[in-house]
Amino acid sequence: MPRSRFWVGLFVTLVAGLLAAAGPALAASKHHSKKRKIVHGAVDTGGYWPDSDVQHIHLRFGPIAISPGQNNIRLDVVTQKPKVDGWIVGFTPNLTWTNGKVPPVDVIHLHHAVWLVNGHPQFGAGEEKTRVRVPQGFGMPYKTTDRWALTYMIHNLTPQPTTVYLDYDLRFIPATAPQAQGIVPVYQGGLDVRGLNIYPVFDVHQFSGHNGRFTYPTDDPNAYPNGVKLNQRVVESDATLVSAFVHLHPGGLYGDLYDTRVIDGVPKTVLLFRSRAHYFEPAGTVSWDVAMTNTPPNWRVAIKKGDILSMTSTYNSRIGSWYEAMGIMSALTTATPDGGVDPFTHNVAVPGIVNHGHLPENNHHGGSGPAVGPNPATLPSGPLTDAGKVPIDNFVYGQGDLTLGGSKVNPPTIHQGQSLTFVNDDANVGPGEWHTITSCRAPCNAQTGIAYPLASAPPGRSFDSGELGVNGWNGPGGPPVAGRTTWSTPTNLPAGTYTYFCRIHPFMRGSFRVISG
Ligand SMILES: [Cu+2]
């Protein structure tokens with residue numbers, strides 16, 4: 001990325017942090033009281049570590065060979081680490097080709113990557129590429145003997161193989177540096193609405209929830225069937241929270257961090273922070289052209305032993321369905337109390353700071369330009385195939401694919417009450433080429449991009465097959481695959497022409513038709 005934008009972003013972040021410091025609710029950590037100074041009548045509680053105090057270490061994990069259409073989950077040991085003990089005070093993830101350029105997000109997509117340190121999630125990255133900045137005075141302890149691993153899912157939206165690296169820029173302070181003196185250690189105490197899980201996802205169905213918004217787990221009565229609330233954890237000892245932000249997927253609006261404490265025998269819950277999705281995407285809340293908000297650098301919240309921290313994540317359910325969505329909260333916390341505001345006496349849920357600006361890899365939005373094929377509604381009916389099968393071979397739906405010529409483009413046709421069965425013959429190619437049949441609003445034939453097509457369809461006409469494949473993570477049936485290679489259309493679809501796409505490879509489009517009688 002151009003350095004100038006980085007500096008502008010950092011400057012905006014710092015200014016926003018100073019503005020936020022004017023709020024009365026935020027108190028300095030006692031450890032850094034010597035850094036206090038008066039700014040416009042308010043207490044300046046400090047910002048991020050200045051550039052002059054930190055080393056910039058650029059690391060690359062890879063090369064990672066990406067097969068055609070890949071969408072699998074992998075776990076690897078990471079040897080690309082700092083060479084000396086010290087403190088990590090910043091982390092900026094990216095995904096690059098071997099030449100260092102960043103692939104467009106509609107070509108190669110970083111679904112997620114989580115860096116595990118000694119078995120615990122420490123850093124994460126999604127396509128929103130949130131940059132972690134640790135407030136000045138704090139740091140994540142690092143030892144050369146720490147064992148690093150990476151679990152990641154990189155998604156090739158094309159049928160061409162490629163090679164990429166996961167890049168990460170560390171802001172680092174060696175243990176021997178003078179500014180390392182007195183650093184207060186902070187640790188990742190994050191939350192996930194699906195708990196600690198190799199593939200923590202849930203589905204958001206269009207029109208679910210309330211008033212066009214669906215909050216997980218609140219709006220899903222079956223979120224935790226055995227009663228264990230995966231979205232919360234009990235605080236084990238008094239501590240201070242110093243940073244928080246959330247990871248969402250397109251469609252996501254915000255993630256909330258709450259604290260519940262029993263006060264005078266009555267449990268009370270307060271919002272600690274709402275991390276909002278700030279979309280640059282012209283089409284709205286629908287793509288990875290987004291940045292999250294993170295807490296200002298002077299945000300300090302005193303939490304107590306026995307508190308219950310919890311989170312929810314909220315999606316826009318008016319505009320589409322969001323399959324395999326996520327809600328993950330990063331929260332840095334001290335091990336022992338280091339000051340901070342009591343959230344039950346003061347509001348700490350201050351507005352966040354937009355983490356970065358628009359990224360050029362999100363420039364291709366789609367939805368216009370030359371159509372990938374004809375409008376299926378205008379096509380004559382294809383073969384009448386009640387209980388028939390449509391094979392999927394080499395990224396093409398065998399009948400009704402919008403890219404096919406001749407009569408093969410015509411929608412396979414069934415009678416109402418019957419169903420058409422799709423069979424993914426690519427499921428076992430390489431590490432697996434997994435496809436979906438997902439309804440999209442007709443005609444669904446515009447150009448592919450990060451914002452098109454969307455999993456939207458009129459009420460009663462939506463469907464999704466899941467990822468058709470059998471060998472997922474850890475063998476048969478593991479995530480993200482559905483554990484089967486076939487899917488049959490619902491038998492209750494009203495008469496009409498149905499358009500669909502593959503969520504994994506959105507250039508794949510097709511249609512089928514239901515007729516009455
Ligand atoms: Cu596909």
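Predicted model: local features only at pLDDT ≥ 70, side-chain atom pairs only at ≥ 80, totals over all residues.
Two strands count as paired if DSSP finds at least two bridges between them, and strands themselves are DSSP runs (E, at least two residues), numbered from the N terminus, while helices are runs of H or I of at least four residues. Keep that handy for the views that follow.

View 1. Residues are numbered from 1 along each chain as its sequence is written. Strand 5 (residues 86-97) pairs with strand 9 in the antiparallel sense, over three bridges. Strand 9 also has two bridges to strand 12 (residues 184-188), and those two run parallel. Look for Gly139 here: its bridge partner in strand 12 is Pro185. Four of the five residues of strand 9 (residues 138-142) are buried, so this strand is largely enclosed by the rest of the structure. (A residue is buried if 20 or more other C-beta atoms lie within 10 Å of its own, exposed if 12 or fewer, and partly exposed in between; the C-beta atoms are placed from the backbone.)

**View 2. An open sheet of four strands, in the order 4-10-6-7, has antiparallel pairing.** Strand 4 (73-78) and strand 7 (120-125) are the edge strands, each pairing on one side only. From one strand to the next, the twist averages 25°, using axes that are lines fitted to C-alpha atoms (for helices, over the stretch in contact) and angles that run from 0 to 180 degrees between N-to-C directions. Strand 6 (residues 108-117) meets strand 10 in the antiparallel sense over nine bridges.

**View 3. Zoom in on Thr151, which sits in strand 10 (residues 148-156).** Val114 stands opposite Thr151. Is Thr151 buried or partly exposed? Thr151 is partly exposed, with 18 other C-beta atoms within 10 Å. Leaving out residues up to four places away in sequence, Thr151 touches Ile73, Leu75, Val114, Leu116 and Ile198; being in contact here means that the C-beta atoms of two residues, placed from the backbone, lie within 7 Å. For a sense of distance, Thr151 and Leu253 are 102 residues apart in sequence and 25 Å apart in space, C-alpha to C-alpha.

**View 4. Another open sheet of four strands has the order 28-35-34-30, and its pairing is mixed.** Strand 28 (413-415) and strand 30 (438-439) stand at the edges with a single partner strand each, so one side of each is left without a neighbour in the sheet. Strand 28 and strand 35 (residues 509-515) pair in the parallel sense over three bridges. Within that pairing, Thr413 stands opposite Arg513 in strand 35.

**View 5. Where domain 1 touches domain 3, the contact takes twelve residues from domain 1 and 16 residues from domain 3.** The domain assignment gives domain 1 (47-182), domain 2 (189-365) and domain 3 (366-517), with bounds that come from an automatic or database domain assignment. The C-alpha centres of domain 1 and domain 3 lie 36 Å apart.

**View 6. Stepping back, the chain has one helix and 35 strands.** Along its principal axes, the C-alpha trace spans about 80 × 55 × 40 Å. Buried residues make up 48% of the 517 residues in the chain.
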